[in-house]
Amino acid sequence: MITSAKSYARLGVVAAVAALSGSLIPAAFSQGTPTIRIDGSSTVFPITEAIAEAFQKAEGGKVRVTVGVSGTGGGFKKFCRGETDISNASRPILAKEIADCRAAGITFIELPVAYDAITVVVNPQNNWARNLTVAELKNIWGPDSKINNWSQVREGFPNIPLKLFGPGADSGTYDYFTEAINGKAKVSRRDFTASEDDNVLVQGVSRDRGALGYFGFAYFMENRNRVRAVAIDNGKGPVQPSEQNVLNGTYQPLSRPIFIYVNAKSAQRPEVRRFVTYYLNNAPATVKKVKYVALPARAYRTILANFNRNRVGTVFGGKEAIGLTINELLKMQPQ
Amino acid sequence: MPSQQKILNTLRNPIAIAASIQNRKRWEQFFIVLGWFSLLVALLTLVFLVSDLFLRGLPMLNWKFFTSPPSSDPEEAGILTAWVGSLLVIFVTAVVAIPLGIAAGIYLEEYAPKNWLLDFIEVNITNLAGVPSIIYGLLALGFFVYILKWGESILTAGFTLALLILPVVIVTTRESLRAIPQGIREAAYAVGSSRWQMIADHVLPYSMGGILTGIIVGISRAIGETAPLITIGALTFITFLPEPPIQSEFPYISFKWIWAPFTVLPIQMFNWVSRPQEAFQVNAAAAGIILLVLTLAVNGTAIYLRYRFRKSIKW
C-alpha cells in the first residue's frame with residue numbers, strides 16, 4: 001500500500017472549506033460595474049445582442065450588458081420578479097404576466113423595436129403554389145385538418161403528398177401563426193414535423209417537393225436558394241413577404257411587431273436610459289443586419305419619445321394583436 | 001431415449017462429429033462477423049460525426065476564437081466567456097460532487113446497517129441517476145436561486161450539476177467498494193485496524209480506479225448539460241469574465257467569481273446552431289470541437305489518475 005487516502009481526505013476538507021468560505025460572501029454581491037440584465041425571446045435576441053455588443057464598445061466597457069435566452073414567457077417570469085431590467089418579447093405581454101408584474105410592483109415601458117414577417121415557404125421545385133389564401137392555410141393547419149395532399153388544398157393543384165413543417169409549441173412564432181390563421185393561439189393540427197430549431201425546418205422543406213412550412217423572415221432570407229416564399233392572399237390579392245410589404249401594411253395577417261419591455265424603475269438608471277436610447281437610435285441599421293424589418297425612422301422617434309416620457313403599460317391589454325400595421329400600432333395608447 | 005440415442009450415434013460416427021464441429025464453427029464465425037459489424041456501426045457513426053465537425057469547424061479554430069467574447073458578427077465571435085464559464089462551473093461541480101459522493105458511497109457501503117431503510121435509499125439513488133436533467137434544473141431554481149438566493153451564478157450552476165452527477169458518483173463508489181474482496185477487510189481488522197483505518201488505508205485506495213471511472217462519467221455528462229443551466233438562468237450573451245480567482249494583492253485568492261453571471265459552451269453552441277446565418281454554423285462546429293477536446297482533457301486527466309492508482313496498488 002503506497003498511496004494513502006488520508007492525503008485525499010485532507011484535500012477534500014480543504015476544498016469543502018474553500019467552498020464554504022466562498023459562500024459566506026453575501027449573495028447580493030454586486031459586480032461594481034453597472035450591469036444591464038436582459039432576458040427573453042430568442043427571436044429578438046439577435047437584435048439585442050448586436051445592440052448590446054456595440055453599446056458596450058461605445059461605452060468603453062464602463063457598462064456591462066448580459067443577454068439570456070429563456071423564451072418570451074420565461075423572460076417575462078424573470079422580468080416580473082424584478083430579476084431583469086429589460087425583457088425581449090416576440091409577442092405583447094399577456095394578461096397573466098401583467099398581473100404577475102403588478103403583484104410584484106413592477107411597471108414597464110413597452111417598446112416595439114422591429115417587425116417580423118412569418119413566412120410560409122415551399123420547396124423550390126413546387127411550381128404550383130405561388131400563393132395561398134388565408135382560408136387555404138386555415139384548411140391546411142386547422143386542428144381538424146385531414147388534408148395530406150396538394151390536390152385537396154385547391155382545385156387544380158397536382159396530386160402530390162403534402163408534408164408539413166412548423167415550429168414547436170413553445171415558440172412565439174407558433175403562437176402568432178396559429179392565432180392569425182386558426183383564430184386561436186396554440187390551436188393547430190398536431191401531425192406535422194415540429195422543431196424548435198428553424199434550420200431543421202428549412203432543411204425539411206428544402207428536401208421534399210411537396211413540403212410546406214413556416215418560420216421567421218430572417219430564416220427565409222438566409223435560405224432563399226433552398227426554399228421559396230408563398231405570397232399570402234388576405235382577400236386583397238397575393239402579397240409576397242418583403243420589407244416593403246411589411247412596412248406598407250399589406251403583408252397581413254402574418255406581420256408581427258416584436259418588442260423590448262423596460263422595467264420602469266430600471267429606466268431611471270442613467271446607463272439603462274443610455275442603452276435604450278442607443279437601442280432605438282441604432283435599431284434601423286441593426287435590425288436590417290439581422291434580417292428583420294426595421295420600422296420607419298419616425299416610428300423609432302415616436303417610440304423613443306414614449307420612452308422618454310416614461311409611458312408605462314401595454315397598448316394590447318394583455319392580448320395578442322393580429323394584423324396590426326405600424327401606423328396603427330403607434331397610434332394605440334395604453335389602456 | 002431417442003435423443004440420447006441420437007447423440008450416441010453421432011459420437012460413434014466421425015463424419016457426424018466433424019459436421020457438428022463445422023456447424024459450431026460456422027456459428028462462431030457468424031457471431032464474430034456480427035460483433036465486428038456492431039462495432040463498425042458504432043465506430044463509423046462516431047468517425048463520421050467527429051470528422052464532419054472537424055471539417056466544418058477547423059477553419060474557424062484559431063487563437064482569436066479562444067480569446068474573443070461572443071459577437072453578433074460570426075467572424076468576430078469567440079468562445080472566451082463560454083469555455084471559462086464551463087471550466088469554472090465544472091470545477092465547482094467536481095469540488096462539491098466528488099467528496100460528497102464518495103463519502104456517501106463509503107457510508108452506504110461500509111457503515112450503514114443493512115435494513116429496509118438502506119434498501120429504500122438505494123432504490124432512490126439508482127432512480128435519481130435516471131431523472132431527466134431539467135428536473136434538477138427546476139429543483140435548483142427553487143432551492144438555490146429562490147430560497148438560498150444564490151442568484152444566477154456559477155455557484156448555483158456548479159451545485160446544480162453536482163446534484164445531477166451525485167447519484168452516478170455514489171453508485172459507482174459503492175460498486176467499486178463492493179468489488180474489493182472481503183478478505184482485505186478481514187486482514188485489516190486482523191492486524192488491529194479500526195473500521196476507518198481499514199477504509200482509508202486499504203479499501204478506498206484499492207477501489208479508487210473504479211470510483212474515478214464514475215467521476216469521469218459524471219463530469220463528462222455535466223460538461224455537456226444545457227437544460228438545467230438555462231433553467232437556472234445561464235446567459236447567452238456575456239462579454240466579460242468573472243473576477244479571477246487569483247489576485248495580485250492580499251489575500252491573493254478571491255471567491256467572488258462564484259457569484260458571477262456566466263455562460264457555458266453547450267449553450268453558446270446551441271445558440272449558434274439555431275441562427276439563420278451559415279457562418280454561425282461553422283462557429284458552432286468549432287465550439288463543438290472545443291467541447292470535445294475539453295471533455296477529452298478532463299477525462300484524460302482522470303484516466304491518467306486512475307492509471308497511477310492502479311499501478312500503485314500491489315497486493
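This is a short walk through a predicted model, starting with one whole chain and ending at single residues. In this predicted model, local features need pLDDT of at least 70 and side-chain atom pairs count only at pLDDT 80 or more, while totals for chains, interfaces and linings use all residues. Residues are numbered from 1 along each chain as its sequence is written, chains are lettered from A and ligands numbered from 1 in the order in which they are written, and side-chain values use heavy atoms, with hydrogens and water left out.

Let us begin with chain A. Chain A holds 13 helices and 13 strands; helices (H or I, at least four residues) and strands (E, at least two) are DSSP runs, numbered from the N terminus. Along the principal axes, the C-alpha atoms of chain A fill a box of roughly 80 × 70 × 35 Å. Of its 335 residues, 56% count as buried. Here buried means under 20% relative accessible area, exposed means over 50%, and partly exposed lies in between (1.4 Å probe, protein chains only).

A salt bridge is a side-chain nitrogen of Lys or Arg within 4 Å of a carboxyl oxygen of Asp or Glu. One of them brings together Glu49(A) and Arg275(B), at 3.0 Å from N to O. Glu49(A) lies in helix H2 (residues 45-58) of chain A and Arg275(B) in the loop between helix H11 (265-273) and helix H12 (278-312) of chain B, so this pair joins two chains. Both Glu49(A) and Arg275(B) are buried.

Within chain A, the side chains of Arg91(A) and Glu97(A) form a salt bridge at 2.9 Å, N to O. Arg91(A) is buried, with a relative accessible area of 8%, and Glu97(A) is buried as well, at 11%.

Lys186(A) and Asp175(A) make another salt bridge, at 2.8 Å from N to O. Lys186(A) sits in the loop between helix H7 (172-182) and strand E8 (193-195), and Asp175(A) in helix H7 of chain A, so the pair ties together parts that are 11 residues apart in sequence. Lys186(A) is partly exposed, with a relative accessible area of 40%, whereas Asp175(A) is buried at 11%. Over in chain B, salt bridges that share partners link Glu109(B), Glu122(B), Arg174(B) and Arg178(B) into one network.

Let us stay with chain B and look at its surface. Ile7(B), Leu8(B), Leu11(B), Ile17(B) and Ile21(B) form a nonpolar patch there, with about 440 Å² of accessible area together. Patches are made of residues with over 30% relative accessible area and no salt bridge, joining like charges within 9 Å and nonpolar side chains (Val, Leu, Ile, Met, Phe, Trp, Tyr) within 5 Å. Helix H1 (2-12) and helix H2 (14-57) of chain B each supply at least two residues of the nonpolar patch, and the largest share, 3 residues, comes from H1(B). Leu11(B), in helix H1, is exposed, with a relative accessible area of 56%.

Conventions: Areas by Shrake-Rupley, 256 points an atom, 1.4 Å probe, with all protein chains shown as cover.
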